[in-house]
Amino acid sequence: MLLRRLPGRWYLAPLILLALAGIGGAAAIAIRNYNGAHSLLEADPPSALLDAPARTGIRHLTSVTFSSGGQLELSACYAPPSDGAAVVVAHGTNSDRSTMLSELRILSAAGCGVLGFDWPGLGHSEGRVRWDAQARRALTAAIDWLAARPEVDSRRIGGLGFSMGAVILSQVA
């Protein structure tokens, strides 16, 4: 009976509903992709452990700062080596150096010096989150800071990175 009331146009209603569903699905995908890309540029709140390195259980871990190319003040934590070797530990997106505490603890227990630093705009470091030349300058500054330490053999500096930290490490390498 419904088909008699819509002679010749009965097929339009399902097509309109299908088109609206497609537009809604495309909008949902676009919003999800935008939020995912935008989250690469937003920092999570810094961990409370950044203010209390002694609570990490890593021997001789202290808070330090250094300058990234004279532009930004970067926050870090450092434990000296027992054998001259040291490792720069680089965290990933939307986090801070506290997410790498397990790695810092293992390396330090093995005798390596460790420097875990916060990328610009993350943790307690100055700046904005940008995964470009600014991040490469920050990593280079971390390596230079370690190399200048008298207890570190500058020929024995390594790097360990997670996520975007690994990407920037490979770019600088």
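Helices (DSSP runs of H or I, at least four residues) and strands (runs of E, at least two) are numbered here from the N terminus. This is a predicted model, in which local features need pLDDT of at least 70 and side-chain atom pairs count only at pLDDT 80 or more, whereas totals for chains, interfaces and linings use all residues. Residues are numbered from 1 along each chain as its sequence is written, and side-chain values use heavy atoms, with hydrogens and water left out.

**The whole chain**

If you colour by pLDDT (the predictor's confidence in each residue, from 0 to 100), the chain averages 85, and 84% of the residues score at least 70. Confidence is lowest in helix α1 (residues 2-5), at a mean of 52, and highest in β3, at 98. Of the 173 residues, 38% are buried, where buried means under 20% relative accessible area, exposed over 50% and partly exposed in between, with a 1.4 Å probe and protein chains only.

**The nonpolar cores**

Next, select Phe66, Leu115, Phe117, Trp119 and Leu146, which touch the most other members of the 25-residue largest nonpolar core. Such a core is a set of buried Ala, Val, Leu, Ile, Met, Phe, Trp, Tyr and Cys residues joined through side-chain atoms within 4.5 Å. Two or more residues come from each of β1 (62-68), β2 (72-79), β3 (86-90), β4 (113-117), α4 (133-147) and α5 (164-172), and α4 gives the most, with seven. Centre the view on Phe66 and show its contacts (heavy atoms within 4.5 Å): beyond four places in sequence, these include Leu115, Phe117, Ala138, Ala141, Ala142 and Trp145. A second, separate core of 13 residues has Cys77, Ala79, Leu101 and Cys112 among its members.

**Serine 125 and serine 75**

Now select Ser125, in the loop between β4 and α4, and then Ser75, in strand β2. Ser125 is buried, with a relative accessible area of 8%, and Ser75 also counts as buried, at 11% relative accessibility. A polar atom of the Ser125 side chain lies 2.7 Å from the backbone oxygen of Asp118, while a polar atom of the Ser75 side chain lies 3.1 Å from the backbone oxygen of His124. Leaving aside neighbours within four places in sequence, Ser125 is in contact with Glu73, Leu74, Ser75, Asp118, Trp119 and Pro120, and the corresponding contacts of Ser75 include Val64, Thr65, Arg97, Phe117 and Ser125.

**The cavity**

Arg97, one of the contacts of Ser75, is also one of the residues lining the largest cavity, together with others including Leu49, Leu50, Pro53, Cys77, Ser98 and Leu101. A cavity is a set of points, on a 1 Å grid over the protein atoms alone, where a 1.4 Å probe fits but cannot get out, and its lining residues have an atom within 4 Å of a point. The largest cavity has about 70 Å³ of space, and the count of cavities of 30 Å³ or more comes to one.

Finish at Arg136 in helix α4, which counts as partly exposed at 32% relative accessibility. Arg136 and Ile168 are 32 residues apart in sequence and 6.2 Å apart in space, C-alpha to C-alpha. Beyond four places in sequence, Arg136 is in contact with Ile168, Gln171 and Val172. Across the chain, 68% of contacts between residues at least 6 apart in sequence join residues at least 24 apart.

Key
A polar contact is a pair of N or O atoms within 3.5 Å; within protein, one must be able to donate a hydrogen and the other to accept it, and residues adjacent in sequence count only if both atoms are side-chain atoms. On a 1 Å grid over the protein atoms alone, a cavity is a set of points where a 1.4 Å probe fits but cannot get out, and a pocket is an open set with protein on both sides within 12 Å along at least five of seven lines; lining residues have an atom within 4 Å of a point. Grid points are joined across faces, edges and corners, and a volume is the space filled by probe spheres set on the points.
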